[in-house]
Amino acid sequence: MLVRIIGNDLEPRHRKGQSYDNVRFILDNEAEFPDCEKFWIVNRIVDPKEEARIVDLLQSRGQSFHKIPFELDAYRQVPWNTDGLARNQSRFTNADSRPGGQNASRYETHLRHRKNLHVMNANTARNAALELTRGRARWLMPWDGNCYLTQSAFQEIRSAIGQNPYFHYVIVPMARIVDNALVLDQTFKPAATEEPQIIFRSDTAELFDEQYGYGRRPKIEMLWRLGVPGPWDRFRDDAWDFPRPGFSADAGLFLTAGWVARLDSGHSHLEIGRAGFRARLGKRDEAIVAMLDRCDAAAIAQKLDPARLAYYDEARLAAAREGQDPHVRQELRACAEQALLRGPFSVMDKSGRAPSGDPHDYFQPAPYWWPDPRRPDGLPYIRRDGEHAPGTALYAAGSEAYDRTRLQRLLDDTTVLALATTVLGEPRYADHAARLVRTWFLDPATRMNPNMRYAQVRWGRDNNEGPGYGILELADLYFFLDAVRLIERAGALDKRDSQAFRAWLRSYCEWLDTAPAAQFEFYRLNNHGVFFDLQRAAIAAFLGDGAALAKAGLHARERIADQIAADGSLPEELSRTRPRHYAMFALQGWTSLARILSSLGDDLWAYRAKDGQGLVAALRWVAAHADTLTTIPGETFDKECIEPLLDDLARHDETAGAQPQATKPVFHPDCAIAPFWIWRRP
């Protein structure tokens, strides 16, 4: 019984539609073999149109088949394969795992191992083929969907089995074909040296190991157990590969016979010679990642409503609108009235200029970098961690020369005004908030260029461009974008404004995803990396970008293994001169990121890395140690800024006691706490 398993076309390893075309070629040309029943398994075809085409073809030709459906809801529950990562294995600590690194493609497929098992479903489908055929035939052929047998090749196999029926398995070498027409010649017999197909006698009990995913030895694992020699014995093992299995009780009970063609993949250069083999491996990994990323994007998109608030909670705002939290409403009104007296703000208002000379460029010197007193010109600047250089602290004297203070006013005032118009029902707040948005982002005369190229400039370094650290200064986009949503609901921003604002965000994302400085920031192991993910995820939720949101969830899990210690501490933050501030600052970023991801069904709160690291462990640690952490002399520290973290600990740790009612709705922006955070999502 010959069962062929039809899987997904994986571009760029395969040509789109090659599975369908090869099935049709088989049905049009392959002979009917005596005493051999043919059967098909349609195996989790992700593209519903392609699946329907294949099913219609099989039905039109009267073929027997079994369909294993792809269900997006089931796929959504499949986790990333990050919980086994040890420290120094992730892309954030190991350059070999980054794009361009020697292990990059293998690392990416490893992270998606469980998802690969679900979608490609290779060995599970092979075992399903064995289950379907045992008891129906003497010899079982659970083969790949692109396999083709000429009549003479089948006769060779049949004859060898007839002469040697006592063998339990038949190993059938495979030949890669770049022109399907070749197999129409019955005298054609190529050198078959590729990874073989396997025939099972019906009384065997061996099954394929379903923990081996497509692209990483799913069939070779069986060949190893059966003791079939081949080039796979010399393959290099990665650190995260499964240990090679020992011999099974059936080892050696095989016969090698005949040959089988692997029909055209649509990319002949990947099928020929040693160079083709090497290229094939890379394209296969690339194809696996691309397919699974599309599935992740679709799974997120199914739950993603860009108009829905990502940080603030709709129900809590509605309750406040009905009169709940009267003291907070009163403070909201007071803050909103103050905001009405400020702005609009623009990058054009600064008295200084970015090194580019363009006033539309955001510009801010690095806060902890000072002139070198040993040099006449002070260049290059040197670092004095925790000590603000003149004019670099928020609202400080001299800050008017730069953009940081105005940017923070824009983010906070817009948010306060948007919350006020929603809770208090007064359109004048939304009108002023809309004016702030138009001035900073949309008006050609006053808008900011969509990059942070000159944020946190360290004079005399990096060609007087920001190294990437300054991206942190736009981190509060995560709550600001909720404010824009509320202003749009109020009708204060029209359709053209909304489209222009989204165009600005898309341009900014292009810079975030491509600029070397932005990539430098992405790979930081401290709060900078977390706030980069938070910013990118918030924008993705606003733009409806499911792919970027899926990546944010992956990157967060990778970071946890390296950024949070087994005891819950944050070593990178504790190494700073202000460890108390930075430990809480980083956790405000972590919890805000978890809140945005959980709004889409991605539960970062529950995630645990290999050594138990997770957000709950980190919250426990900071709750236990907040009062004992040191800081620089003379620092003023708001002890109440731990309240949001204790609130999250109470919600997500069953062992934590109840958290007293929070009393402070607004903190200094340096605390990284959103205005009126008490109305955030649970």
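Reply: Happy to! Helix 14 (residues 477-489) packs against helix 15 (residues 495-514) at an angle of about 160°, and their axes lie 12 Å apart. Here axes are lines fitted to C-alpha atoms, for helices over the stretch in contact, and angles run from 0 to 180 degrees between N-to-C directions. Helices (H or I, at least four residues) and strands (E, at least two) are DSSP runs, numbered from the N terminus.

A word on where this comes from: the model is predicted, so local features need pLDDT of at least 70, side-chain atom pairs count only at pLDDT 80 or more, and totals for chains, interfaces and linings use all residues. Residues are numbered from 1 along each chain as its sequence is written, and side-chain values use heavy atoms, with hydrogens and water left out.

Back to the pair. Helix 14 and helix 15 are therefore roughly antiparallel; angles over 145 degrees get that name, those under 35 count as roughly parallel, 65 to 115 as roughly perpendicular and the rest as oblique. Their crossing is left-handed, a term for the near helix being turned anticlockwise from the far one by less than a right angle, with clockwise giving right-handed. On the helix 14 side, L477, F480, L481, V484 and E488 meet S498, F501, R502, L505 and Y508 of helix 15, where contact means heavy atoms within 4.5 Å. Sorted by class, that contact holds seven nonpolar, one polar and two charged residues. In this scheme Ala, Val, Leu, Ile, Met, Phe, Trp, Tyr, Cys and Pro are nonpolar, Asp, Glu, Lys and Arg are charged, and the others, Gly among them, are polar.

Helix 14 has another partner, helix 17 (residues 527-543): their axes come within 8 Å and cross at roughly 20°. That makes helix 14 roughly parallel to helix 17, and the crossing is right-handed. From helix 14, L477, Y478, L481, V484, R485 and E488 meet L534, Q535, A538, I539, A541 and F542 of helix 17. The residues of this contact divide into nine nonpolar, one polar and two charged.

Now for the strands. Five of the six residues of strand 4 (residues 139-144) are buried, so strand 4 is largely enclosed by the rest of the structure; buried means under 20% relative accessible area, exposed over 50%, and partly exposed in between (1.4 Å probe, protein chains only). Strand 1 (residues 2-6) runs parallel to strand 4, joined by four bridges, and I5 stands opposite D144. Strand 4 also pairs with strand 7 (residues 194-201), antiparallel and over two bridges, with W139 opposite R201. Two strands pair if DSSP finds at least two bridges between them.

T133 belongs to helix 6 (residues 122-133). With 2% relative accessibility, T133 is buried, and T133 touches M1, V3 and L140, leaving aside residues up to four places away in sequence.

For contrast, G100 sits in the loop between helix 3 (72-76) and helix 4 (104-111) and is exposed, at 84% relative accessible area.

As for the whole chain, it has 22 helices and 13 strands, and 58% of its 682 residues count as buried. Its C-alpha atoms fill a box of roughly 95 × 55 × 55 Å, taken along the principal axes.
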